Amino acid sequence: MTKFYFDGQGVEALPDETVLDALLRQGHPVNYSCKKGRCKTCLVQHLEGELTAGAQRGLNSRLKESHYLCSCQCRVTEGLKLKSLLAQDLFIPAKLYSKEYLSDSVVKLKIEAAEKIEHRAGQHINLRRFDGLTRSYSVTNGAYSEFIELHVRRKYNGQFSDWLFNHASTGENILIQGPWGDCCYSPDYIDDSLILIGNGTGLGAVYGIARDALMSGHRGEIFLYHGAKTFEQLYQHSTLLKMMMEYRNFTYQACIESDTEGEEHLSSRVILGNPFDVAMSRHPFDTRMPCDSQNRFYLCGEPGFVSIGQKTIFLNGTPLDRVHVLSFDYKDLRSRPRD
């Protein structure tokens, strides 16, 4: 056992245990979501003691200088002293400006922050509710708007998503933190071919990235692939078809797992298949000159989908700096861990 201190209280940690896991095991109400150092919901402040390598990985210089660390990435050392954060330390006031239901399970939110926040589609922010519950959601629009837009799917047993979908009212006061991440469009990519692949509400991020590129005058081709279980879950289908009509260098393809109505919804724009597999079949790798490719990939959605896609693209010779990913890592609410 290794003893450390949190808010002045001694905590015994098991060998090689993270600060977050030790706190959770002993019943401390610590916010967390992904446990991978991405969401930044589990930040605490360092007071004394040795920090292990990686405890501050992914934090910007301002947060590091203020001695913040990700408790999920910090291994316990003897005598380590930490403190929890007050909401006002890292969050700013905001309110829910509007809600628009995009389908029977997806809602678009507009968040109005009390101060201007520079955000880009493909980043993510943390929302904090009145009771302290905090969750991370991807941003679906760029800084051209005064609002931050989010596409939120109501998840089964999703305490926060259900509240946002069913109960949060326009004008509701919340707190926001961020934005984080760099799965975004840059004017430096203006001549690249952008291959954007999103499953589920991963569409929100790639749709926003495509809009950012088009509004920036992107000269290369843009291909967007959206994967869903059924036609009804293609919640931006008509909007994306209109974008194809408006921009000659934008191509949209919907991919569904099944059509409950037989083949009623299938067409050249809606096909059966996995969006990643379909995209790879249409943009084959040139194994002779992989590093000379002008293709730039964006993968957004569930962790398994994103990690497998990223690995496949990289192993086929695409440099990692041309593969941008946004993984929706969720808090594990199972009473028993998966085998």
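Predicted model: local features only at pLDDT ≥ 70, side-chain atom pairs only at ≥ 80, totals over all residues.
Visitor: Which charged residue sits over the ring of Trp 163?

Guide: A charge sits over a ring if NZ of Lys or CZ of Arg is within 6 Å of the ring centre and within 35 degrees of the ring normal. Here the charged end is 5.3 Å from the centre of the Trp 163 ring, and it belongs to Arg 129.

Visitor: How many aromatic pairs does the structure hold, and why is the pair of Tyr 101 and Phe 165 edge-to-face or stacked?

Guide: The structure holds 6 aromatic pairs. The ring centres of Tyr 101 and Phe 165 are 4.9 Å apart and their planes stand at 75 degrees, so this pair is edge-to-face. Planes under 30 degrees apart count as stacked, over 60 as edge-to-face and the rest as tilted. The angle that decides the matter for Tyr 101 and Phe 165 is 75 degrees.

Visitor: How many residues apart in sequence are the parts tied together by Tyr 101 and Phe 165?

Guide: Helices (H or I, at least four residues) and strands (E, at least two) are DSSP runs, numbered from the N terminus. Tyr 101 lies in strand β6 (residues 92-101) and Phe 165 in helix α4 (residues 159-167), so the pair ties together parts that are separated in sequence by 64 residues.

Visitor: Is Phe 165 buried or exposed?

Guide: Buried means under 20% relative accessible area, exposed over 50%, and partly exposed in between (1.4 Å probe, protein chains only). Tyr 101, at 46%, is partly exposed. Phe 165 has 6% relative accessibility, so it counts as buried.

Visitor: Which residue lies over the face of Phe 165?

Guide: The ring of Phe 165 also pairs with Tyr 101. At 4.4 Å from the ring centre of Phe 165, over its face, lies Arg 154.

Visitor: Where is Asp 16 found, and what is its phi?

Guide: Asp 16 is in the loop between β2 (9-13) and α1 (19-25). At 61% relative accessibility, Asp 16 counts as exposed. Its phi is positive in a residue other than glycine, near 65 degrees.

Key:
Residues numbered from 1 in each chain as written. Heavy atoms only, no water. Phe/Tyr/Trp six-rings, centres within 6.5 Å; stacked < 30°, edge-to-face > 60°.
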